[in-house]
Structures are given as C-alpha cells and as structure tokens.
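User: Please go through the side-chain contacts with me. Keep it short.

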Amino acid sequence: MTLDSEGCAPCQYMMESLYRVKDRYKDRLVYRETLIKSLAGIKRMGALGVKNLPSMLINNELVFDNIVPSDEKLIKELDKRLEIN
C-alpha cells in the first residue's frame, strides 16, 4: 500500500523490495500496489487497518508497516505464508 511508487521514494523502495524477490516465486506470488490517491485505495487502507505508508500486506495481513524489508526478511515472511521450508 503506497501513496504512489512513482513519486514517493519510500514507496518506490517498498515496491523494489518486492521486485527483487518476486521471480523466486514465479506464479505463486500475485501482487498489486494499492494507491491511496483514490477513494477506493483510501477505503481499502481503512478496512485493512493500515495507518502508515508505505506498508506491505501479505494475504491482507499487515506485515511491514512503514519499514522496507530486507530481501531476507521479505523472503522469510513470504516462505512462511506459502509454506516453503
């Protein structure tokens, strides 16, 4: 969840963290950037309880709140949710 990864540096870093590891998961990983520049994005942010930007949710669970994860931390969290050992 971002303000806009094209105009917000921290938001860009959050998306780049995902881009660096996504190929590891091939079709098992589906992602989307939710922008809060739209009413739908603001509603989604409120419904999911997100308070800070950028944030990363995995399966609609807030995992990284205003903290850009290292590749290792992101892989650990994704593996845990995809049940990869």
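Analyst: Questions and answers on side-chain pairs follow. This is a predicted model, where local features need pLDDT of at least 70, side-chain atom pairs count only at pLDDT 80 or more, and totals for chains, interfaces and linings use all residues. Residues are numbered from 1 along each chain as its sequence is written, and side-chain values use heavy atoms, with hydrogens and water left out.

User: How are the rings of Y19 and Y31 arranged?

Analyst: Rings of Phe, Tyr and Trp (its six-membered ring) pair if their centres lie within 6.5 Å; planes under 30 degrees apart are stacked, over 60 edge-to-face, the rest tilted. The centres of Y19 and Y31 lie 6.0 Å apart, and their planes meet at 65 degrees, so the pair is edge-to-face.

User: Is D79 buried or exposed?

Analyst: Buried means under 20% relative accessible area, exposed over 50%, partly exposed in between (1.4 Å probe, protein chains only). D79 has a relative accessible area of 12%, so D79 is buried.

User: Which residue meets D79 in a salt bridge?

Analyst: A salt bridge needs a side-chain nitrogen of Lys or Arg within 4 Å of a carboxyl oxygen of Asp or Glu. The N to O distance here is 4.0 Å, and the partner of D79 is R24.

User: Which residues are linked with E61 in a network of salt bridges?

Analyst: E61 meets R81 at 3.2 Å, N to O. E77 bridges to K80, with the closest N and O atoms 3.3 Å apart. The network links E61 with E77, K80 and R81.
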